[in-house]
Amino acid sequence: MINQQRLSDEFSRLASINSPPLKESTIAFYLAERLQQLGAKVRFDAAAEATGGEVGNLIAYFAGVNKDTEPILFSVHMDTVEPGGQVEPVLRDGVFYSAGDTVLGADDKAGIAELIEALEVVREQNIPHGPIEVVVTIAEEIGLVGAKHFDYSLVEARRGYALDTEGIDCMVLQAPSANHLRIKITGLAAHAGMVPELGMSAIQTAALAISQMRLGRIDHETTANIGCIKGGVASNIVPQSVSIIGEARSHDAQKLQEQTDHMLNCFEAAAEQMTRKINGSLMRPQISADVRLDFPSMSVAENAPVVKLARAAAATVGHDLKVRLGGGGSDANIFNAHGTEMIILATGMTRVHTHDEFVVVADMVHVVELLVEIIRLA
Ligand SMILES: [Zn+2]
């Protein structure tokens, strides 16, 4: 009942449309029309104004057919990570790759194509189903921007599935939260050859701090990274300022706080160590820290209705659904924080965010089987 050719064509069409974050109008209008053809009422929210994007998040509503149940929500994102450029999808031995120097964009277009094919099948086969809401967010790849600005009053569903993770036959019930850290160290500039004693090196302060920092994998549910460091002007100037960007993630809120505090303390300790008298007065490098919660954690219980529904659907079609711990933030983190219980389903996309990204068509068919069954049983 699944039309593999139609699914393949849909994926290929979607992959060929450029859709960098905040420049999604072409794909958005295509999807709006496509979902309308499938019988949905569609609309955009006002996220374009708030984000500076070309379009807002797209919402599609499918009325229930011969079944009156609570609505169910599916979320996917329409943007793809850079480098985008003109993606040229190539199908080779049943696998989609990108021909050129770009990602394929199976993240998240595999999920979109699968959802469209599932909706096609449901319609073609006249499968009774309750109301379905589809949210296609913008700018997921640059920090869940669309989901963060989504107008949650536009959806009714309190349960749902995000189609947006690697692998096949797995679901993510828990994902960490993250703190985003921006640190600025301000020292004192001086001529490094003539009067170095009048300077206070921001680079040296940063080095002292980072060398004392616990980074990488902290424990099974906590990670930390310093991802960017910029500063200094020339070899003969004691550097006055350094900017540092880093993050900490954890499934556990207290551990996230502890790791964040530890990182900030390392900067303070380094500043303390650098403190000395210059021209008779005590000088200390200034540390300014901006810590922002990047996304909240999500944790859906094993016995939650949305998990049971996925398991029941998988059992019906003979799939073996496994639970995997999430390592990143996704739109599902934000939906859960807004009261829609949402888990993430694998779409078959592989090696995402690289030029070697690919997706196997048979895997996409496999996911469509599950989606159709979820819709039938919801
Ligand atoms: Zn994604």
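Reply: Start with what an angle means here. An axis is a line fitted to C-alpha atoms, for a helix over the stretch in contact, and the angle is taken between N-to-C directions, from 0 to 180 degrees. Keep in mind that the model is predicted.

Now the helix. H8 covers residues 305-317. It lies across three strands: S7 (159-165), S8 (170-172) and S19 (341-346). To S19, H8 runs at about 35°.

Those strands sit in an open sheet of 8 strands. Read across it, the order is S1-S2-S6-S3-S7-S19-S8-S18. The pairing is mixed. At the edges are S1 (41-44) and S18 (322-324), and each of them pairs on one side only. From one strand to the next, the twist averages 25°.

Strands of a sheet pair through backbone hydrogen bonds, either parallel or antiparallel. Which sense do S1 and S2 take? They run antiparallel, joined by 4 bridges. S2 spans residues 58-62. Valine 42 stands opposite alanine 60 in S2.

Next, a strand pair elsewhere in the chain. S11 (residues 216-219) and S12 (residues 222-231) are also antiparallel, with 3 bridges. A hairpin of 2 residues leads from S11 to S12. Glycine 216 has alanine 224 of S12 as its bridge partner.

Turn to two helices. H1 (residues 4-16) packs against H10 (residues 361-377). Their axes are 10 Å apart and meet at an angle of about 110°. Angles of 65 to 115 degrees count as roughly perpendicular, so H1 and H10 are roughly perpendicular to each other. H1 brings Gln4, Leu7, Ser8 and Phe11 to the contact. H10 brings Val361, Met364, Val365 and Val368. By class, the residues of this contact are 6 nonpolar and 2 polar, with no charged ones.

Finally, step back to the whole chain. The domain assignment gives two domains. Domain 1 takes in 4-175 and 297-377, while domain 2 is 177-295. Their C-alpha centres lie 39 Å apart. Where they meet, 7 residues of domain 1 are in contact with 6 residues of domain 2. The domain 1 side of that contact has 5 polar and 2 nonpolar residues, and no charged ones.

Definitions and conventions
Residues are numbered from 1 along each chain as its sequence is written. This is a predicted model: local features need pLDDT of at least 70, side-chain atom pairs count only at pLDDT 80 or more; totals for chains, interfaces and linings use all residues. Domain bounds come from an automatic or database domain assignment. Two residues are in contact if their C-beta atoms, placed from the backbone, lie within 7 Å. Ala, Val, Leu, Ile, Met, Phe, Trp, Tyr, Cys and Pro count as nonpolar, Asp, Glu, Lys and Arg as charged, and the others, Gly among them, as polar. Two strands pair if DSSP finds at least two bridges between them. Angles under 35 degrees count as roughly parallel, over 145 as roughly antiparallel, 65 to 115 as roughly perpendicular and the rest as oblique.
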